[in-house]
Amino acid sequence: MINVLFFAQVRELLGEGNVSVEANDTNNTAEGLRAQLAAKDDKWGKVLASDKLLVAVNQTISSWDTPVQDGDEVAFFPPVTGG
C-alpha cells in the first residue's frame, strides 16, 4: 500500500487527512498516483490539479515523475507563500 497524506487546504477541501492506495502499474509515479486519485470524482479532480500542488515522496519534495512503490509515503500540499 502507498500511504497518501493531504495537508493544509488540500486536506480541508477533500475532508480527508490520508488514504491508502494499492500500488500498481498505473500509479507508479507521483503523477500517476495524483491522476488516479483525481479521477475519483469532480471534487478530487479540482483539488488535486497538478498545477495547484506540490508533492513529497518519503518526506522529500519531489517532481511529478518520481517513482513510487508499495510502502512509500506520498504527501500532496499547496505551494507555501509568505512575506
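## Aromatic residues

Phe76 counts as buried, because its relative accessibility is 0%, below the 20% limit for that class. The ring of Phe76 is stacked with the ring of Trp64: their centres are 6.0 Å apart and their planes meet at 15 degrees. This pair links distant parts of the chain, since Phe76 belongs to strand 5 whereas Trp64 sits in the loop between strand 4 (60–62) and strand 5, twelve residues apart. Trp64 has a relative accessible area of 23%, so Trp64 is partly exposed. These values, like those that follow, come from a predicted model.

The structure contains three aromatic pairs in total. In one of them, Phe6 and Phe76 are stacked, with 6.3 Å from centre to centre and 20 degrees between the planes. Because Phe6 lies in strand 1 and Phe76 in strand 5, this pair ties together parts of the chain that are 70 residues apart in sequence. Is Phe6 buried or exposed? Phe6 counts as buried, with a relative accessibility of 0%. Through ring pairs, Phe6, Trp44, Trp64 and Phe76 are joined into a cluster.

## Confidence of the model

The mean pLDDT of the chain is 93, and 96% of the residues reach 70 or more. Which elements have the lowest and the highest confidence? Confidence is lowest in helix 1 (residues 8–14), with a mean of 94, and highest in strand 1 (residues 2–6), with a mean of 98. Where pLDDT is low, predicted coordinates should not be read in detail.

## The nonpolar core

In soluble globular proteins, nonpolar side chains tend to be buried together. The largest nonpolar core of this model has 20 residues. Val4, Phe6, Leu33, Leu37, Leu48, Val74 and Phe76 touch the most other members of this core. Several elements contribute to the core: strand 1, helix 1, strand 2, helix 2, helix 3, strand 3 and strand 5 each supply at least two residues. Helix 2 provides the largest share, namely four residues.

Two residues illustrate the contacts. When neighbours within four places in sequence are left aside, the contacts of Val4 are Gly17, Asn18, Val19, Val21, Leu33, Leu37, Val74 and Phe76. Val19, one of these partners, is located in strand 2. Val19 has a relative accessible area of 14% and is therefore buried. Leaving aside its own neighbours within four places, Val19 is in contact with Ile2, Asn3, Val4, Phe6, Leu37 and Trp44. The C-alpha atoms of Val19 and Asn3 are separated by 6.2 Å, although the two residues are 16 residues apart along the chain.

Helix 2 spans residues 30–38. Its buried residues are Ala30, Gly32, Leu33, Arg34, Leu37 and Ala38. What covers these buried residues? The cover includes strand 1, strand 2 (18–21), helix 3 (42–47), strand 3 (54–57) and strand 5 (73–77).

Side chains of opposite charge can pair when their charged atoms come close. How many salt bridges are counted here? The count comes to one salt bridge. Its partners are Arg34 and Glu31, whose side chains meet at 2.7 Å from N to O. Both residues lie in helix 2, three residues apart, which is about one turn of the helix. Arg34 counts as buried because its relative accessibility is 10%, whereas Glu31, at 27%, counts as partly exposed.

Most residues other than glycine have a negative phi. Asn58 is not a glycine, yet its phi is positive, near 55 degrees. Gln59 likewise has a positive phi, of about 65 degrees, although it is not a glycine.

Where do these residues lie? Asn58 is in the loop between strand 3 and strand 4, and Gln59 is in the loop between strand 3 and strand 4 as well. Asn58 has a relative accessible area of 40%, so Asn58 is partly exposed. Gln59 has a relative accessible area of 68%, and Gln59 is therefore exposed, the limit for that class being over 50%.

Definitions and conventions: Residues numbered from 1 in each chain as written. Predicted model: local features only at pLDDT ≥ 70, side-chain atom pairs only at ≥ 80, totals over all residues. Heavy atoms only, no water. pLDDT = per-residue confidence, 0-100. Salt bridge = Lys/Arg side-chain N within 4 Å of Asp/Glu carboxyl O. Buried < 20%, exposed > 50% of the residue type's maximum accessible area, 1.4 Å probe, protein only. Contact = heavy atoms within 4.5 Å. Phe/Tyr/Trp six-rings, centres within 6.5 Å; stacked < 30°, edge-to-face > 60°. Core = buried A, V, L, I, M, F, W, Y, C linked by side-chain atoms within 4.5 Å.
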